[in-house]
Every structure is written in C-alpha cells, then in structure tokens.
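Let's take a walk through a protein model and see what sits inside it. Have the structure open as you read.

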Amino acid sequence: MGTEIDLGWFIPTMGDTSRIGDPTASTPPSLDLFTHIAQTAEDAGFTYLLVPVMPECYEAHISCAMVSARTQKIDMLVAARAGFIAPPVMAKMLSTFDQLSGGRLRVNLITGGDSAEMAADGLFYDHDERYDVLTETVEILKDAWTREEPFDVDGRYFTARGVHVQPRPLQAPHPPLYLGGMSEAARQLCASHADVHLFWGDTPANIAKNVLDMTARAAQKGRTLEFGMRLQVIVRETEEQAWTAAEDLISAASAEHRESVQGRWSESKANDRMKELAQAEGHLVDEHLWSGIATVRHGAGIAIVGNPEQVADKITEFVDAGCSSFCLSGYPHAEEAERFGLLVMPLLRERFAVKGARPGGQDSAELTTPAAALVGSDG
C-alpha cells in the first residue's frame, strides 16, 4: 500500500458516443452531458478531470469553470494554451479559478495540435516555436504567482510592465503543472517546468525507458518529476465481453473517417507514435493493450481492454514502470467511469494508496446504475 496513485477521467466536450463514427450513437455536447460525466466520475472515485482543446470542442477554460461549480471535490485539469492570452492575464484567470474552486485546479500546458489548427485561431508558429512561446509563458506564470514585488517582462514574445497578479493561487506556490509530448522541445520544457509528465499509451517497457530519460533530464536541472499515463479503458466482467465491446466501438467508422483521422496532428511526435502503434497486428500492442481506437480518432488512442483483474494488472505494470497518475477515458464516458469505479477501483485500492479514496469500501456512496445492468454492456 506504499505507492500512491492518482486517477483522473475525461470529459468529451465535442460530444460523446457509444460507437465512433455512427451518428445515431452520438450524444451532442451540452452542460448536462459534461455535468453528468463529471459527477459520475467524482462518485466513482476519480480525483481530476481533463477536457480537450480542439476546434470541435467547447472552450476548455469556460467548460471547466462551469463543471467545477457543479461538482464537490474533483479537480479540473485546465488547459493553458500559450500565445493567445497575455501571460499575466492567464495567471490571473488560473489563480482566480484556484481560489474560487477551493484549490481544485491543475494546469495542463498546451502548445496546440498542429499549425493548421493554430492558424485557424490566429496564431502562426511552427512546432518548436510554439514550445518557445509556452516556455516563456510558463516562466511568466510562475513569476506572477510567486514574486512579491511588481516586475517587468521583456521577453522574445511578451512585454509587460509592473506585473503584480492578484489573487495569488490558493495552492502554494502554484497549482501543479502537467505536460505531455515526445518531441525534444516537449521533453526540455517538461524537465524544466512541469510537475507531472503525462505520457500517451505505449507498452510498459517503452514507458519505463521514457521515465528513465525524463528523470535524468529533470535531475540535471535539480528537479524531480512525477509521471502519468493518458489511456482509454474498456472493462467488462469477462474478457470476452470486453473485446466484443472494443470491436463494436470502432465497427461503424467509415474509410473516409479513418483517413481523415490519419491526416490530423501531423506535427505531433506523440500522435506519430499512436499511428505507429495502430499498425500492430490485430491492433494488439501488448497483452490487453489495444490500439484500435487510434485508427478512428487522433490523440490518445491506446486502450486497456479486459476484465477487472486484467485491467488492474495492466495499470500495475505502468505503476511498476514509474507512473503514478492515470488520466483515463472510455465510451460512453459516464457509463465507463461508473463501470471502472464499480469493477476496477476496489482492486486498485487493495494494491495501492488511491488518492482521494474514501476509507472503508466503495468510493461512490451510491452508484446510479445497478451492477447487473453494467455486466456485458457494450457502452
């Protein structure tokens, strides 16, 4: 029970689905949908929520603020997308969020998916320059949150005079900073400034190698890092039911849909790795680690598939590789969060100190879906 793990969930602010690529299986985005997923995840024992930052999504900061007001204790992993908002203003937005939410803020450092998406929003930087902009932004954020006296900014990208941000964050010295990415620019920024490096799904062996690399990079700068995984999950009472649900999830995606997915985020090294893993025979990357979702959506598309014990075992492998934070998701998101809380969370509590877990049994005081209805569901 010595190792503490932290479990997060995901709100699809572009809308949800039970079968990717099937319009009849989709649920449009709405505050009711976001709130239902968030409250279900909170009841299931998850401690934080991630929302995406893509053109088809609702704006992340506003969505997080609205959801935070409708939940009790779960944190929001709020996107800080550099270049669009002056860093002192961003610092004030985030510290205000931290204060008004009672310290329920984590910050997700974002550079953007690719140049085309950024250009559509009015920003014209290449991949590495976006990381330069983000680095300068983070440095200003940290100064704005911690320096006692007003200061000036004379950077390459930003200029400001007499910066003095109020309120200060409730969390001292500031909310935890998360960052993903596999490029050299991402690794350098993470080693210098992030608190948690969030990997996308890969084999435990490759994750262990990346943990060693990033640990060494951070140590050279006198820092330590925590590590996390961004993964999909498909858990059912039996392994056969889980694999049936997995295949059904991607069965409706057309060739045109799959081709359009492969053309997105062409500058992302992490997304390149997803495409590579999607080529595995039978999409089986490792035992109970499946890349089928990566063929029908861009971004984090690797899923743990299996019965509760198998899912818990695979998470344990990633803990052994050096990870302690797990940002999970599954389709439809409320149903899969509840299912995970019912079937897998108790097994993890037997093995680890699960952050935020309620002592003495279930994390959720009352599950809204009866256990019998969860068994064998294709959700």
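Keep in mind that this is a predicted model. Start by finding Phe46. Skipping residues up to four places away in sequence, Phe46 touches Leu7, Gly8, Trp9, Ala41, Ile74, Leu328, Ala337, Phe340 and Met345. Phe46 also belongs to the largest nonpolar core, which has 89 residues. Along with Phe46, the residues with the most contacts inside that core are Leu7, Phe326, Phe340 and Leu348. Which helix gives the most to this core? That's α5, residues 127-146, with eight residues.

Apart from this core lies another one, made of 14 residues, and Ile20, Ala242, Ala245 and Val305 are among them.

Now for two residues to look at side by side. Is Thr137 buried or exposed? Thr137 counts as buried because its relative accessibility is 1%, and the cut-off for buried is under 20%. The same cut-off of under 20% is why His288, at 10% relative accessibility, counts as buried too.

| Residue | Where it lies | Relative accessibility |
|---|---|---|
| Thr137 | helix α5 | 1% |
| His288 | loop between β12 (284-286) and β13 (289-290) | 10% |

What does Thr137 have around it? Leaving out neighbours within four places in sequence, Thr137 is in contact with Ala82, Pro87, Met90 and Phe158.

His288 has its own set of contacts. With neighbours within four places in sequence left aside, they are Glu239, Trp243, Ala303, Ile304, Val305, Gly306, Gln310 and Lys314. Two of these names, Glu239 and Trp243, lead us to the next stop, helix α8, which covers residues 239-250.

Helix α8 has twelve residues and reaches 18 Å from its first C-alpha to its last, close to the 16 Å expected at 1.5 Å a residue. Which residues of α8 are buried? They are Ala242, Ala245, Ala246, Asp248, Leu249 and Ile250.

The largest pocket has a volume of about 470 Å³. Its lining is made of 22 residues, and Met14, Ile20, His257, Val296 and Arg297 lie nearest its centre. The elements giving two or more residues to that lining are β2 (16-17), β3 (26-27) and α9 (255-262). The largest share, three residues, comes from α9.

Note on methods. Residues numbered from 1 in each chain as written. Predicted model: local features only at pLDDT ≥ 70, side-chain atom pairs only at ≥ 80, totals over all residues. Heavy atoms only, no water. Core = buried A, V, L, I, M, F, W, Y, C linked by side-chain atoms within 4.5 Å. Buried < 20%, exposed > 50% of the residue type's maximum accessible area, 1.4 Å probe, protein only. Helix = DSSP H or I, 4+ residues; strand = E, 2+ residues; numbered from the N terminus. Contact = heavy atoms within 4.5 Å. Expected span 1.5 Å × (residues − 1). 1 Å grid on protein atoms, 1.4 Å probe; cavity = no way out; pocket = protein on both sides within 12 Å on 5 of 7 lines; lining within 4 Å. Points joined across faces, edges and corners; volume = space filled by probe spheres on them.
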